[in-house]
Amino acid sequence: MAENRQPDAPGTAHRSTVRSLLRLWPYARAVRRRLATSVTAAVLAMLSVLGVPIVLGRIVDGPLARRDLAGLWPLVGLLLLLGLVEAGLFYTRRVVLARPLAGLETAMRGDLFAKLQRLPVSFHERWGSGQLLSRATADMYTMRLFLAFPLVFLIVNSVMFLAGTVVMFTQDWRLALIVVLPAPPLFVLTRRFESGYSGASRLAQDRNGDLATVVEESVLGIRVLKAFGRHRSMHERFRAQSRLLRRTELHKAHLLANLWAVIVGLPEIALGCALAVGAYLVAHDQLSAGSLVAFLSTALALRWPVESLGWLLAYANEAATATDRFFEVLDEPEEEDPGTATGLGATPDGIRLTGVRFRYPDAPDGTPDLLRGIDLHVRSGETMALVGATGSGKTTLTALLPRLYEATGGTITLDGRDIRDLPRERLRELVAVAFEEPTLFSATVRENVLMGAPGAGEDRLRSALATAQAGFVDKLPAGADTEVGEQGLSLSGGQRQRLALARAVVGDPAFLVLDDPLSALDVHTEALVERALREVLAGTTALVVAHRPSTVLLADRVAVLADGRIEAVGTHQELLRTSTRYRELMTGEAALIPEGSTSR
């Protein structure tokens, strides 16, 4: 199976973590007051912690030194009060942010999903579904958690460290110098760590998306895997992708472990040195025991802000990477839609293609266009069958009508109106499509069919089901309200195709595009559908991709597509007499003709 990947991720060597995270501000602005309240509460809570060493110093030098138990209890009560204040402030911090950040995550996920719906089909063909899924789930959680905890404590711990440093210098500047001595090398180390961790974090999140793609493909293709006994090969593919992800995560853990060892080790060494010097000063009556206790307690209170630095920086990088991945999708250019017309032309001219050319955006340089100048006219009220060898571009041509792809040259008109003059939303109301591979959603039969005509009533639904010969719907457990399951796998291929056909005709479209709509039906059902479909086709202008004579016979005329051009147009009987290629296609002899042959 070919793995569908997103385009190469932008390099992270020169990426700024701060610049990436600042892109969250338009979303965070909505909760800025709550965020400020949370930060303030956390700062006050941490500052209350710094009051504890001061009180301890007074206890040691005061009541304990004088053996004054009566004077001890007020100071003990003050310690208890500081503890209660700290707990209350931390509780406030969490309560204030929980609900708004959940709403922020919902808004971001909604914007991402809306963007995915607006992006062209070519974008979705380039990006793996697992990559998009991981951006909509894991990355969103990472960004929300960063705003809720690491962002707050990057600010709080910075304030705590600065305030604690000031307190230590007021207590004893000699010991304070020893404790802050590791700060410069730690700063240099964290800068180097950030540059290395950014790349590892991006690679891990991309590989997590690849793993999600493998899981999704295996679940959706479980029937194929079981039918061909390929579950072991898929399992090996999953294990290989898991090993890649594991290797990247271990590399991240190795980087973080090295950082953490230094971040924890250097301050501990400095604290030990400060303790030794402080004990010497106390022994020589240059420092009181209470002052030493207060200083060491303050230094110990700063252990968390320093030791958490590695984790906070690591999570900030994770969040920056998640932010980059989120905005990679939001920054994707959408197709321009300058159309302002609201209706078709005044002349019932049907579908007209003039000099239409097309090549896929990712086609290799130097290769010819897939469609090289299509000239075709489907008259108003006419049904035109489109036939051609496999790979000739029939499906691609039909996708140009609703502008799922944009033609790279030429014009397409509907009743004289250039389709580029119509907004896509309006165009797709006029042109209904039934694809060769029917796609159903995890919804009821009713919801799937009425996607073709939102707001249509029961009569329209029943009429469309009758046209598609989908009487099996009434035998389902809940009739039209039965959930069909993901991809409609609870139904047979023929049943899915009939529901897709009902979806195409339920809106009584002005133009109908059917891509081999009867390929999955048995002969008896095919005949019934054809009979009902003739009534629908009689009242619309239709282009039908056909591979079998029975489908061709639904059409008034037939167009033969070969070598990127329309080679012949005529009725079925005319083309049987005049076109060798058409006869080959209808009799199956085309499979014996070398690809690229232009025999007539």
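Aspartate 474 counts as exposed, at 52% relative accessibility; exposed means over 50% relative accessible area, buried under 20%, and partly exposed in between, with a 1.4 Å probe and protein chains only. The model is predicted, so local features need pLDDT of at least 70 and side-chain atom pairs count only at pLDDT 80 or more, while totals for chains, interfaces and linings use all residues. Residues are numbered from 1 along each chain as its sequence is written, and side-chain values use heavy atoms, with hydrogens and water left out.

The side chain of aspartate 474 meets that of arginine 462 in a salt bridge (2.8 Å, N to O). Arginine 462 lies in helix α18 and aspartate 474 in the loop between α18 and α19, so the pair ties together parts that are twelve residues apart in sequence. A salt bridge here is a side-chain nitrogen of Lys or Arg within 4 Å of a carboxyl oxygen of Asp or Glu. Helices (H or I, at least four residues) and strands (E, at least two) are DSSP runs, numbered from the N terminus.

Arginine 462 also forms a salt bridge with glutamate 458 (3.2 Å, N to O). Both residues lie in helix α18 (residues 458–467), four residues apart, about one turn of the helix. Arginine 462 is partly exposed at 32%, and glutamate 458 is partly exposed at 36%.

Another salt bridge joins glutamate 334 and lysine 115 (3.1 Å, N to O). This pair links distant parts of the chain, 219 residues apart: glutamate 334 is in the loop between α14 and β1, and lysine 115 is in helix α4. Glutamate 334 is partly exposed at 35%, whereas lysine 115 is buried at 6%. The whole structure has 29 salt bridges.

A pocket is an open set of points on a 1 Å grid over the protein atoms alone, where a 1.4 Å probe fits, with protein on both sides within 12 Å along at least five of seven lines; lining residues have an atom within 4 Å of a point. Of its 41 lining residues, the closest to the centre are Leu154, Ser158, Leu309, Leu312 and Leu313. Helix α14 gives the largest share of the lining, nine residues.
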